[in-house]
Amino acid sequence: MKSRKSGDGHSAKDVPINPQRVPTMRDVADRCGLSVGTVSRGLNGNATVAQDIRRRVEVAIDALGYVPNRIAQSMRKRATNAVGCLVTDIRLTIAANLVSGAESRLREAGYDLFLASTHNDPVKEEGIWRFFRERQLDAIISVSTDDQNAERAGLLQSLRMPVVLWERDGGENFDSVLTDHYSGCLEACSYLLDLGHERIALVGGRSTVWAGREMERGYRAAMAQAGRDVDSALLFSADTFTHAACSELLREENGVTAIIGVLDVIVLICKVARAAGRVIPKSLSLISIGDSDTLNMNAPAISAIRYDAERHGRTAAEFVLDRLGDSPPGNARRLILPIELIVRQSCGQPVTASEAI
């Protein structure tokens, strides 16, 4: 076998490639005629390794198909440069935007993001938290199926790693990045009441989490300010708001003339309304909690409570990076991001369905 002298005194060899065996760092070192220590320093970006040596290592890695053992490296460094991210359902528009913002900021800082969905299953949620911890990820950005449950909070604390909650109230235990859903639903409901609507439905979040509680609190506050009683039959959770439930709600005898609903139920409401002969905004006014380009392109364009979900995600990532920094902050932080009501063509003065035909 031919060999040649390398810059650090070792002989470079034409190491044969065996497709049946996983190449090692020793194979890389032998192929480019370097010591294992030099190769390791090159892979870890050590400034003492010359540029031409780095290049030789890269060429050898490409030729052999060598993949560094990141798990072993993380055990030595006690860091994986990876953050776990847990959402309710990645198919939801807001969740996708949150993740996009978080991933963008974490990549800028040299971290990878690992994503999972809970689908509102507490058992699955707990399993994913433990999985992230077992894989020694550096931190977690997460939802929770119940942010007022002491046992769940205790489980998160037992992970002994930085945890940032989004759209969930972390109290004094965890950093949390929130949206001002109270003000959003207060303003939206007040606007509809001013137009003359009386039977206004809310399709919001679950009562076990911050977002859902704040949506309902804002809705109730608007009704109270207008001197109206709240009909609990008009309050729904989006995750249980089925086609059948929507059809029942829009029956003319129920008298509902307006709905405030989270972004991902708007399509369902529009579809059922069309089938029921309800014309937007003539016989049904609609406001989305959350905005998207699709709402603006709809005919008619849908009014929305707008908030910047990508900013929300980036802020959660910033909180994580602060916790992973050399001087992490002390007490849990709680940031509530603002909203804006965008009035488009989907709201009008109430009339009955028969009058609108």
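Predicted model: local features only at pLDDT ≥ 70, side-chain atom pairs only at ≥ 80, totals over all residues.
1. Residues are numbered from 1 along each chain as its sequence is written, and side-chain values use heavy atoms, with hydrogens and water left out.

2. On the cysteines, the structure holds zero disulfides (a disulfide is a pair of cysteine sulfur atoms within 2.5 Å). C246 is in no disulfide, and the nearest cysteine sulfur, that of C270, is 9.2 Å away. C347 also counts as buried, at 12% relative accessibility.

3. Now the sheet with parallel pairing. This open sheet has six strands in the order β4-β3-β5-β6-β7-β13 (strands, E, of at least two residues and helices, H or I, of at least four residues are DSSP runs numbered from the N terminus; two strands pair if DSSP finds at least two bridges between them). Its edge strands, β4 (112–117) and β13 (334–337), each pair on one side only. From one strand to the next, the twist averages 15° (axes are lines fitted to C-alpha atoms, for helices over the stretch in contact, and angles run from 0 to 180 degrees between N-to-C directions).

4. Two pairings in that sheet are worth a look on screen. β3 and β4 are joined in the parallel sense over six bridges, and A82 stands opposite D112 in β4. Strand β5 (residues 139–142) and β6 pair in the parallel sense over three bridges, with L165 in β6 as the bridge partner of S142.

5. Which way do the residues of strand β6 (residues 163–166) point? V163 and L165 point one way, V164 and W166 point the other way, and all are buried. In a regular strand the side chains alternate between the two faces of the sheet.

6. T88 deserves a note of its own. T88 sits in the loop between β3 (82–87) and α5 (93–108), and is buried at a relative accessible area of 16%. Not counting residues up to four places away in sequence, T88 touches S117, T118, H119, N120, V143 and R168 (contact means heavy atoms within 4.5 Å).

7. The sheet with mixed pairing is open, with six strands in the order β9-β8-β10-β11-β12-β14. β9 (235–237) and β14 (340–342) are the edge strands, each pairing on one side only. The twist here averages 15° from one strand to the next. Strand β8 (residues 200–204) and β9 pair in the parallel sense over three bridges, and G204 stands opposite S237 in β9.

8. Two helices lie across this region. Helix α9 (residues 210–225) lies across β8, β9, β10 (258–262) and β11 (285–289), running at about 165° to β8. Helix α11 (residues 266–275) lies across β10 and β11, at about 165° to β11.

9. Finally, a helix pair. The axes of helix α1 (residues 25–32) and helix α3 (residues 51–64) come within 9 Å and cross at roughly 120°. α1 and α3 are therefore oblique to each other (angles under 35 degrees count as roughly parallel, over 145 as roughly antiparallel, 65 to 115 as roughly perpendicular and the rest as oblique). D27, V28, R31 and C32 in α1 meet R56, V57, A60, I61, A63 and L64 in α3.

Note on methods: Buried < 20%, exposed > 50% of the residue type's maximum accessible area, 1.4 Å probe, protein only.
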